[in-house]
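User: Please take a close look at one part of this model and describe how that part is built into its surroundings. A single connected account will do.

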Amino acid sequence: MRAFIIAGEPSGDKLGAALMEGLQTLVPEVKFDGIGGARMGEVGLQSRFPMEEISIMGILEILSQYSHLKRRISETADAIIADKPDVLITIDLPEFSLRVAKLVKEKSQIRCVHYVAPTVWAWRAGRAVKMARHIDQVLALFPFEPPYMKAAGMRCDFVGHPVVTDMQASETEAQEFRVEHGIGDAPLALVLPGSRRGEVGRLAPIFGQVLEPVLQTTPDLRVVIPTAAPVEHLVCEAVKDWPCDPLVIRSEDKAQKRAAFKAADVALAASGTVSLELAAAGTPMVIAYDMNWLSRQIIGRMLKVDTVTLVNLVSDTRAVPEFIGAECVPERIAEGLLQVMNDGANQNETMRVTMQRLGQGGDAPGLRAAQAVLDGLSDHQTLN
């Protein structure tokens, strides 16, 4: 079996690596080609080019890099068509991945699987119908997504979210972290301003301003900032002007990051998958996010849900306060952060339910995803 896999972001790289491991378990002779990052490389993928070249988010950002993206899309599709793999698996990053799949389907019958369902339940519902023209199967991270995909004419399998298998720090490790860094019993806040350059550029100044009134109320508050590799330098520069002396955890120090998540009393984080990581660690949170003016206007008019926080959506609650777009201002976020610091236990049940609904306790999502891909191929071959 030969599989061509495309990922363009750290989260997709993580999904791709787990899926590749699952396929290797079920089909030991499987061969891989495609685009991915370090994690997929560790499992055996030699990426055709650095995945960072296609990791672009936001309307203006995509437009500014359009010529380069278009060239990479064409090159990738041509390589797939020439190679004729048994399956093309695209992981998230629809602006790139789905354009590749469209070109592949126009010139071949290669089965196309897309991993991570588009958020049609949140905005732009018509995307599912458009996807169905060139995507045969979708692997969904969330249990409420399959009906939307099936209604558009695609096979869709809920395979669970990889966060449920992430390693978590123990209480002992969390306590050792506090001792090592001289935190003791002081209140500890995680601050997570994003993993993309644009996010850090917009959110880090706002998050720094949030801390000013919080520190006035809680002067012994300690702040920890785990960084992501693509933005580590930006974060270090951004926090120099903050009204505290935050502890910055380098991206390669995974054990320290896990311990910090477990040790923290509260977190202020950008919207995204990190809310699920916090829930897995049992860390109460506040979510905030903003984008450039044009993206905010367009997306704001299309949004169909009253929350974008994944923990709220999966648990079907609104337990996690969020401050999005025009609401993403320091004063309001600070009020929310202080409220959660004083009563974070209110989120405990919400976080437990979230993990249970995402597949905690079952087969690993990567293995479930691999089995779903094989089942789809088998059913397709039987029908033909």
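Analyst: L93 is a buried residue, because its relative accessibility is 4% and buried means under 20% relative accessible area, with exposed set at over 50% and partly exposed in between (1.4 Å probe, protein chains only). L93 sits in the loop between β3 and α5. Although L93 is not a glycine, its phi is positive, at about 45°.

The model is a predicted one: local features need pLDDT of at least 70, side-chain atom pairs count only at pLDDT 80 or more, and totals for chains, interfaces and linings use all residues. Residues are numbered from 1 along each chain as its sequence is written, and side-chain values use heavy atoms, with hydrogens and water left out.

Helices (H or I, at least four residues) and strands (E, at least two) are DSSP runs, numbered from the N terminus. Strand β3, helix α5 (residues 94-107) and strand β4 form a β-α-β unit that is right-handed; that is, with the strands pointing away from the viewer, the path from the first strand over the helix to the second runs clockwise.

Within this unit, β3 (residues 87-91) pairs with β4 in the parallel sense, over five bridges. Two strands count as paired if DSSP finds at least two bridges between them. T90 has H114 of β4 as its bridge partner. In general, strands of a sheet pair through backbone hydrogen bonds, either parallel or antiparallel.

How much of β4 is buried? Strand β4 covers residues 111-115, and five of its five residues are buried. In a regular strand the side chains alternate between the two faces of the sheet. For β4, R111, V113 and Y115 are buried on one side, and C112 and H114 are buried on the other.

β4 also pairs with β5 (residues 137-140), in the parallel sense and over three bridges. The bridge partner of Y115 in β5 is L139.

V116 lies in the loop between β4 and α6 (127-131). The phi of V116 is about 100°, although V116 is not a glycine. V116 is buried because its relative accessible area is 13%.

On the β5 side, V138 has its place in the strand. V138 counts as buried because its relative accessible area is 0%. Which residues does V138 contact, leaving aside its neighbours within four places in sequence? With contact taken as heavy atoms within 4.5 Å, V138 is in contact with H114, A117, M131, M149, M154, R155, C156 and D157. One of these contacts, H114, is the bridge partner of T90. Another, M149, is eleven residues from V138 along the chain, and the C-alpha atoms of the two are separated by 7.3 Å.

In short, the loop that holds L93 lies between β3 and the helix of the right-handed unit.
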